[in-house]
Amino acid sequence: MSKIVEDHQIVDIQNPIEENYIITFKSPVDIPPISPGNFAEIHIDNKPGVFLRRPFSILDVDYQKREISFYIKVIGKGTQQLGEYKIGDTVNLIYPLGNSFNIPDAAKKVLIVGGGSGIAPFILLGKVLKKRNIETTFLLGGRSKKDILLTEKFAKYGEVFATTEDGSFGEKGLVTQHSVFTSSEFNFDKIFTCGPDPMMKAVGKIAQEKEVACEVSLENMMACGFGICLCCVTATNEGNKRVCKEGPVFNVNYLKW
Amino acid sequence: MVDLRVKIHDIEFKNPVTVASGTFGFGEEMLEFVDVNKLGGIFIKGLTLENREGNDYPRMAETASGMLNAVGLQNKGIDYFIDHIYPNIKDFDTHIIANVNGSTVEDYIAVTEKLNELDKIPAIELNISCPNVKQGGMLFGTSCPSAIAVTEAVRKAYDKTLIVKLSPNVTDIAEMALAVEGAGADSVSLINTLVGMAIDAETRKPILSTVTGGLSGPAIKPIALRMVWQVYKAVKIPIVGIGGIMNATDAIEFFLAGATSIQVGTANFIDPGISVKIVDGIEAYLQKHTISDVNDLIGALEV
């Protein structure tokens, strides 16, 4: 029984901007080691209407304080209702779930491309990369300036670039149109990406063209999150695989997109 | 002390709580969450003769107090099970019951014959009610002649306890239960999922890749209770009650309607430890009501 299945108390809810928040929970027990890419299943039961747990990438963890936090973008009933809890309320969490990002031993320079709530797993990844002295470039994409979040946090771990579709922040356009990809100095050893499916597919395609290893973190709908229901599968070279168990992180070449 | 032991045909279960096929894997995946040896039994993930990849994603849609699934019996086939999974689970201190599926009667027989050879599997659950496969599955379980044909054929191929899992997608479930009882079933389990669908109003598209899927969860519990009650009045063989059981009180309701044991299904997705909590809750109910034997509750509904 190595997984945490515990009621956690909410110790903080921050709203960096409307429709987005960071929620922090205190665990009643020691938090086991969390790897970048791992996720948790949160039981949102403050109101009827949300039946299943919801999976969220782990944003950050403080082992000393036994605190675990999540970056939530409101996209439906579950994410809405989770934000309606108050500090002091308790919520049941299961974690750590899923696999994690693989950092090649020889990596010197990596590129991280995130969009929307897909930026969530990259704070922990940035921390690990910095500890290993790997030069990290973050590229964040959004529709406009208000969608580009956590830039100060990311800046602690590497250089931060952005694109917005309306040009209100960073370069104008989609992340895949950013000059980092067209630069003659493009020499990354690996690309990590998480965000909307079309964005990940586009990033994956560029990685394949440039022959750079690329891992994506998928966000398929799940019923359980721990490998039982077989609802969240994605098609791979070896048949349907569970995003919650064999994933959420997959090498882009392994996926049948 | 209360006695939680129940019998389905000639198998004694230490308690009446089991888990439904497809909601608990093969048991081994759940060891990090729950002590499976405390359960009466585990109905393992549905098996077919050959490897099946199941349906395309999306396979799931949340609904009011429930969910739709359209997994489509994804599994690696009976031979893989025997070689790679059975050795890991055969010594669990609980009954392992295999859920058998097929596209044809011959498929069902072939899987059954292989399971008949496994010492540590005392029973099979014949699934003639899966709504998520194009061939076989529910087609067998929604007409009496075909249900009888497949049950009789499997009965001949299987020496041990035969449980037939019934579909609720029929006009008269009591008639189906009587039909399979007559064809040699030792027990019936009910209900499998109800066929339903979910639509995205923005895109005008179905949410499931298969358009329709199987509805489970508390949303179906009233229908399941009604069907267990109807079947209880019609047949002599024991009933395994299934449908939206989320807690011990739900389980007690199924016993009162006529179930000898129950399967916890969708609830496992929300709380992977719920099945063992339900065992404890049933024990507490019996103590509170000074009932010494859980069997005294079976069909004890006061109408």
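1. In chain B, B:Glu62 has its bridge partner, B:Met67, in strand 6. Strand 5 (residues 60-63) and strand 6 of chain B pair in the antiparallel sense over four bridges; strands (E, at least two residues) are DSSP runs, numbered from the N terminus, and they pair if DSSP finds at least two bridges between them. Two residues lie between the strands of this hairpin, where B:Ser65 takes a positive phi near 50°.

2. The model is predicted: local features need pLDDT of at least 70, side-chain atom pairs count only at pLDDT 80 or more, and totals for chains, interfaces and linings use all residues. Residues are numbered from 1 along each chain as its sequence is written, and chains are lettered from A and ligands numbered from 1 in the order in which they are written.

3. Strand 6 of chain B also pairs with strand 14 (residues 212-216) of chain B, in the antiparallel sense over three bridges. There, B:Met67 stands opposite B:Ser216.

4. From strand 6 (residues 66-69) of chain B, B:Gly66 and B:Leu68 point one way, B:Met67 and B:Asn69 the other, and all are buried (20 or more other C-beta atoms within 10 Å of a residue's own, C-beta atoms being placed from the backbone).

5. Between the chains, 22 residues of chain A are in contact with 25 residues of chain B (C-beta atoms, placed from the backbone, within 7 Å).

6. Chain A is divided into domain 1 (4-97) and domain 2 (109-254), with bounds from an automatic or database domain assignment. Their C-alpha centres lie 21 Å apart. Domain 1 of chain A brings 20 residues to the contact and domain 2 of chain A brings 19 residues.

Methods: Contact = placed C-beta atoms within 7 Å. Buried ≥ 20, exposed ≤ 12 C-beta atoms within 10 Å, placed from the backbone.
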